[in-house]
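Work through the exercises below with the sequence and the 3D view open. Try each task before you read its solution.

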Amino acid sequence: MECWILNESLSIILVLSWLGVNLYLFIDTFCWYEEEESFLYTRVILGSTLAWARASAVCLNFNCMLILLPISRNLISFMRGTSTCCRGPWRRQLDKNLKFHKLVAYGIAVNATIHIVAHLCNLQRYHWSQSAHAEGLLAVLSKLGNAPNESYLNPIRTFHTNTITELLTTIAGVTGLIISLALILIMTSSTEFIRQVSYELFWYTHHVFIIFFISLAIHGAGRIVRGQTPESQLQHNVTFCRDHYAQWQKAAPCPMPQFSGKEPSAWKWVLGPVVLYACERIIRFWRFQQDVVITKVVSHPSGVLELHMKKRNFKMDPGQYILIQCPSVSWLEWHPFTLTSAPQENFFSVHIRASGDWTEALCKAFRAEGPAPQELWSLPRLAVDGPFGTALTDVFHYPVSVCIAAGIGVTPFASLLKSIWYKSESQIQLKLSKVYFYWICRDPKAFEWFADLLLSLETLMSERGKAHFLSYHIFLTGWDENQAVHIALHWDESTDVITGLKQKTFYGRPNWSNEFRQMAYAHPSSSIGVFFCGPKALSKTLQRMCRLYSSADPRGVHFYYNKESF
Amino acid sequence: MGQIEWAMWANEQALASGLILIMGGIVATAGQFTKWYFGVYSIGAGVFVCLLEYPRGKRRKGSTMERCGQKYMTKVLKVFGPLTRNYYIRAFLHLGLSVPAGFLLATILGTACLAIASSIYLLAAVRGEQWIPIEPKPKERPQVGATIKHPPSNPPPRPPAEARKKPSEEEAAGAVGVSGGPQENPVPVIDEVV
């Protein structure tokens with residue numbers, strides 16, 4: 001892993017590049033509009049708010065182009081599959097796509113604010129320059145367009161109107177209002193709180209982006225940002241004529257200046273990403289049409305439903321997830337679930353826990369009614385899209401890997417451990433020689449299906465004589481006094497009383513300093529990959545541990561942190 | 001979609017509208033736009049809406065993330081009782097507040113946003129939602145007595161548990177624990193003197 005410095009700082013570099021491009025576009029456009037001769041007369045009326053509005057508009061175009069790219073899941077999966085240079089760090093950046101999407105959204109919000117405020121001032125100034133009190137060059141410029149064969153500069157033609165009417169009678173004004181409303185609706189329904197309260201509200205309201213992009217494309221169609229035409233500039237020398245506005249005539253040194261509107265350019269920026277995203281949704285629709293055969297349904301206690309499915313040409317890697325849709329529950333919703341089967345199996349499976357409207361309805365639809373098992377043909381139809389997501393195959397690239405799962409974060413590791421099992425069964429020579437697995441769990445009952453998997457792995461490993469390959473530690477963080485007494489009484493037995501496994505369960509949270517220190521001593525000169533799936537607080541702790549216990553010596557032990565993002 | 005608590009979204013939308021009204025008002029007043037006095041109104045209305053909407057109501061199920069420092073405004077809002085609890089009142093209040101700001105260009109966006117928030121509040125009110133203040137949880141004092149089991153009342157050497165059961169049963173039967181008086185050892189203690 002030569003790119004270990006790149007590892008940590010690639011995110012920062014990418015964010016700074018994005019910021020840099022934004023600043024460059026802003027400042028470059030600003031200076032252009034402030035100095036460009038063809039806009040000199042426009043600046044006489046508007047001042048520098050013209051430049052502010054145009055500069056923020058260019059940044060808005062840039063950011064609106066970028067915003068659709070991080071959420072094109074198939075594009076990202078494609079890039080993940082093909083990037084070959086410095087694979088690790090770049091692939092980890094692809095995991096942060098949602099963070100980038102949010103960053104670009106903030107960029108759009110900031111630029112939209114600048115743009116709106118600047119145009120409010122512009123509209124007001126256009127209106128004022130039509131008043132009877134306007135004098136000199138201002139008045140002359142505003143009257144341009146009243147006579148035949150003159151092109152106008154001021155889009156507001158008379159003082160006897162108000163700015164609101166002018167806003168609502170121009171394409172730019174109406175579309176601008178619609179775009180702003182769409183943006184605000186999207187942003188207020190995307191706050192973290194609302195996503196927790198109701199993910200569906202967030203998801204459905206977000207689709208207002210369709211209105212956003214359509215309005216954006218036609219926003220400039222009215223061409224109300226006007227500058228002098230090149231032909232007029234040749235005949236009418238602005239530096240001389242601006243002071244001789246009283247003598248402008250049809251001919252002579254200062255003929256009437258002619259103006260034309262700037263053609264809309266937003267559609268050129270966003271066309272590509274919109275087409276790409278449209279393809280995304282078409283792919284999703286096509287995948288929806290494909291048949292998914294359900295081969296097995298297992299209903300575990302504590303509300304966990306296991307589904308085994310088959311689909312043509314379905315290839316997965318451990319740690320990936322799929323999106324599932326069940327038309328009989330909801331026509332529009334696709335929900336993500338981590339795959340819990342290994343790639344070597346001839347089916348793929350997910351474990352679904354009933355913890356919200358959709359999952360509860362799904363579990364109810366699949367659960368056997370009473371003791372008699374349901375026929376497979378009477379089960380509701382499912383559609384599957386994917387697999388997406390970061391593959392945990394990076395685990396196999398390190399000689400030592402540490403997998404840490406908290407609570408429901410254990411599901412990607414189910415797939416991984418099964419995959420390890422299959423690989424060691426097929427006796428391929430693996431680079432990976434030791435796996436540490438930490439599972440921190442409050443309620444083991446919900447994951448007894450995972451404990452079964454660990455039990456079978458344990459037996460297999462000891463059969464193969466590789467009992468030291470996998471070392472797992474289970475930490476139970478929620479227990480009451482009755483359980484404690486029960487555990488204390490059975491302490492001396494050879495298998496654990498809660499899980500039935502040979503390795504005993506620990507109680508309370510792990511002491512990460514101790515764990516990392518022991519691992520650093522046990523593997524003094526290896527690269528150790530750390531893989532985590534669980535809550536943010538623990539993620540921060542683990543990142544800190546990785547930094548603390550990685551040695552400063554490049555030949556010493558190094559911990560590389562990979563977070564599973566879902 | 002059945003379980004959406006619309007009031008939560010209406011609250012976010014109204015808070016955003018308040019901020020937009022304030023911003024539009026500042027732009028209009030600072031730039032001395034035509035009819036800029038509507039801008040002053042808009043700043044006032046915006047501040048009022050922000051203060052009213054800052055404390056989040058409690059969700060019907062699940063835990064609610066409080067906004068930083070909202071407990072002070074929660075106390076103020078509780079004083080008004082049904083005026084702040086009822087979402088119909090809030091819906092019409094917001095609708096009323098948004099109308100004057102609609103006469104000035106700089107604040108028209110705020111008007112539109114507040115009107116949308118008002119309609120979401122109306123929807124929430126129709127579905128029977130109410131603003132419930134988030135009460136601070138009373139700090140649970142750890143009960144010192146309950147977690148510690150009765151310490152042994154006999155000094156060592158103590159006979160095994162079975163022999164001790166009888167005296168503790170008598171204690172449990174309601175008699176006050178006897179602790180005074182000479183120690184009665186159930187098992188004879190032989191003192192070996194060398």
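**Exercise 1: The fold of chain B**

Chain B holds eight helices and zero strands. Helices (H or I, at least four residues) and strands (E, at least two) are DSSP runs, numbered from the N terminus. The model is predicted: local features need pLDDT of at least 70, side-chain atom pairs count only at pLDDT 80 or more, and totals for chains, interfaces and linings use all residues. Residues are numbered from 1 along each chain as its sequence is written, chains are lettered from A and ligands numbered from 1 in the order in which they are written, and side-chain values use heavy atoms, with hydrogens and water left out.

Task: Describe the pattern, burial and contacts of chain B.

Solution. 
1. Follow the sequence. The pattern reads α-α-α-α-α-α-α-α.
2. Check burial. Chain B has 194 residues, and 37% of them count as buried. Buried means under 20% relative accessible area, exposed over 50%, partly exposed in between (1.4 Å probe, protein chains only).
3. Look at contacts (heavy atoms within 4.5 Å). Take those between residues at least 6 apart in sequence: 72% join residues at least 24 apart.

**Exercise 2: Where the chains meet**

Task: Characterise the interface of chain B and chain A.

Solution. 
1. Count residues. On chain B, 33 residues are in contact with 31 residues of chain A.
2. Find the area. The two chains bury about 2700 Å² between them, with 77% of it on carbon and sulfur atoms. Buried area is the accessible area (1.4 Å probe) that two parts lose on being put together, summed over both.
3. Search for salt bridges (a side-chain nitrogen of Lys or Arg within 4 Å of a carboxyl oxygen of Asp or Glu). Across this interface the rule finds zero.
4. Locate the helices. On the side of chain B that touches chain A, α1 (6-30) and α6 (108-126) each supply at least two residues. The largest share, nine residues, comes from α1(B).
5. Sort the residues on this side of chain B. They divide into 20 nonpolar, eight polar and five charged. Ala, Val, Leu, Ile, Met, Phe, Trp, Tyr, Cys and Pro count as nonpolar, Asp, Glu, Lys and Arg as charged, and the others, Gly among them, as polar.

**Exercise 3: Positive phi**

Task: Where is B:Gln32 placed, and what is its phi?

Solution. 
1. Recall the background. Most residues other than glycine have a negative phi.
2. Read the angle. B:Gln32 has a positive phi of about 50 degrees, although it is not a glycine.
3. B:Gln32 is in the loop between α1 and α2 (37-53) of chain B. At 43% relative accessibility, B:Gln32 counts as partly exposed.
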